[in-house]
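Hello,

Here is the structure for you to look over. My notes follow below.

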Amino acid sequence: MVRCLKFFLLSLLAVMTVSCSNEDENIEYEYLPVKLVGSDTWSILNVKTGEVVFRDEFKNKPSAIYHDVFFVKNDKGTFDYYSVKDVKKPLNKTSYYMAIDFVGSDIVPATLPGKQITLINTKCEEVAVLDKSIERCGRFKGGLAPFMDDADKWGFLDKKGNIVIKAKYDDVSWFNDGVAVCATKDVASDVTTYYAVDTDGKELFKFTSKDYKAIGSYSEGYLPVVKDDEIIYLDKTGKKVYSLCNLNDTTSTYMVNLCTYGDGRSVFIEGDMFGLKDKENNIILRAKYDLLYNIGEGRYFAKKDDKFGVIDYEDNVVLDFKYEEIDKLRDDVFVVGNGKTKTLVNDKGEDVTNVNISDYSLDYVNVVKSNYLDPKDYAQKIANSFTETSCAGYTGKMTLRDFKAELTYGESYYSDEMTLTINNENTGRTVLLLFDKYLSRQTYRYETYYYWTYRYPAGYVFNYDAKLRGVFITYDISEYEPVEAKVAEEFEKLLKAKGYKSVDGGYMESPKGTAAGLAYDEGVITLCYYFDDGYRVDLARNARKSNKKTPEGVDDVAAYDSVAMDDYYAVDSLVADSVGYY
């Protein structure tokens, strides 16, 4: 079965292309982590010679190897870096909570347990410690790395940890061709404004989601965007250069990242087939392939009759169409597969290794998160979500009528429900709303026969006058050290300073009569807010003894393979949680 070429989006989560990924213009691998047929452990293969240099060395999958360095998840769930010169002893003294591989850059962000994010070099030496307010940091590209602060805004910093572009955007892409596409969102109007930003932070031009519905990344001065059902190129002033092609389906994001400009040529689509155009927008290769993707040096991955091969821009076949999957390791070496086994071949299609491979890793990670949490700052963050009379934008004067749009099921569904769960745009979190009565009720009709009156069910209706009593918001801090009790303590201090007083159930009551308190269990904090002084559920508080949770999104190497593909998807953007707007 053909595997997909996958690309990670940031918040949060971004892309690493096959041919040109990060700081280096052309990524060429010297070593490849592989699983040999018949083995459950990982070995390391020399890409140039095809020889196994370390056999059955690791239980868990290593990351992609670059600058002779890679990382592996250990039995404790943290990560260690190794050099191919010595795979017996880690380069780091302390294992990392989250790690990024060195593909394309000699400096990467990494996080130690319980600490904020640091920048390290290929010897695992600390280059810089990032400010505690920085909650996420991506890999470097174009000399800059995207970061997200504690206000959930994105900016960019350099390899010394200095902030070059202040955090003010809701989403950003990595820099390509000296330009990043950054975005701010207006939730109320449901409009996103995009800015083309250079490495000095200058906004070259802007447009909105009403202008274009999908955006790619810059290459050789051109930015592909989708307007209606048309892919067009913009230059670095935002001016339209020319129209590339029309789309016949709705997969705009998918198409705009395939139909990019590079090496003086463009991939274009006609119907469901792909071809090539020159820089004057003339067709030089008619649309005849099921897929085309530029891998540099004037060559392209191509798909025909459900098989993959490699062609050049003159349509000469470099590798025959006989593979179910294919990936580029070097300009003259590819890893190819047919079903269960894989091997290395050169650009003549000749085997360059005498071993059979069941799996390989070009896995990479694009973003790490801080593992430092200051109880006082976090308590303030929670306290900022409410006032004496409102919580997350909701007030005690609201009724179920204000939430008609959130009632997605029929009336009978809510007959035993007093709560409604919604996604709150102000907090970016799921919020549970508590009402003072059931959200719907049974109605009846009455019929009289002779001397008797009978009652019959007549269906349900919504209790639109049900009054909002409480708001509950959860904050998952289970990946941090056990500090929820300290957060609750700092939270109560903040409220006492505002005139709140302690009441039954563990709550703090405001002079206005509203009450707030923090419950916690298994590292999940719940803000419980009531608009009145009626019955309240006592706060449950169960503290953890240790942090045993794997970082969110991190399994094995917490990344995505880059192997070609049935449905090819390449997006060069950050989406905080992860880290996204394309």
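Which residues is Tyr-394 in contact with, leaving aside its neighbours within four places in sequence? They are Thr-389, Phe-403, Ile-422, Asn-424, Val-431, Leu-433, Leu-468, Val-471 and Phe-531. Contact here means heavy atoms within 4.5 Å.

First, the ground rules. This is a predicted model: local features need pLDDT of at least 70, side-chain atom pairs count only at pLDDT 80 or more, and totals for chains, interfaces and linings use all residues. Residues are numbered from 1 along each chain as its sequence is written, and side-chain values use heavy atoms, without hydrogens or water.

The protein has 582 residues, and 54% of them count as buried (under 20% relative accessible area, 1.4 Å probe, protein chains only). Its secondary structure comes to 3 helices and 45 strands. These are DSSP runs, with helices (H or I) of at least four residues and strands (E) of at least two, numbered from the N terminus.

Now the cores. A nonpolar core is a set of buried Ala, Val, Leu, Ile, Met, Phe, Trp, Tyr and Cys residues joined through side-chain atoms within 4.5 Å. The largest has 41 residues; Tyr-394, Phe-491 and Leu-527 touch the most other members. Elements giving two or more residues to this core include helix H2 (375-383) and helix H3 (484-497). A second, separate core of 40 residues includes Leu-258, Ile-269, Tyr-300 and Phe-321.

Last, Arg-544. Its place is in the segment after strand E45 (541-542). Arg-544 is buried, at 13% relative accessible area. Its side chain makes a polar contact with the side chain of Glu-484 (2.9 Å). A polar contact is a pair of N or O atoms within 3.5 Å; within protein, one must be able to donate a hydrogen and the other to accept it, and residues adjacent in sequence count only if both atoms are side-chain atoms.

Best wishes

Definitions and conventions
Buried means under 20% relative accessible area, exposed over 50%, partly exposed in between (1.4 Å probe, protein chains only).
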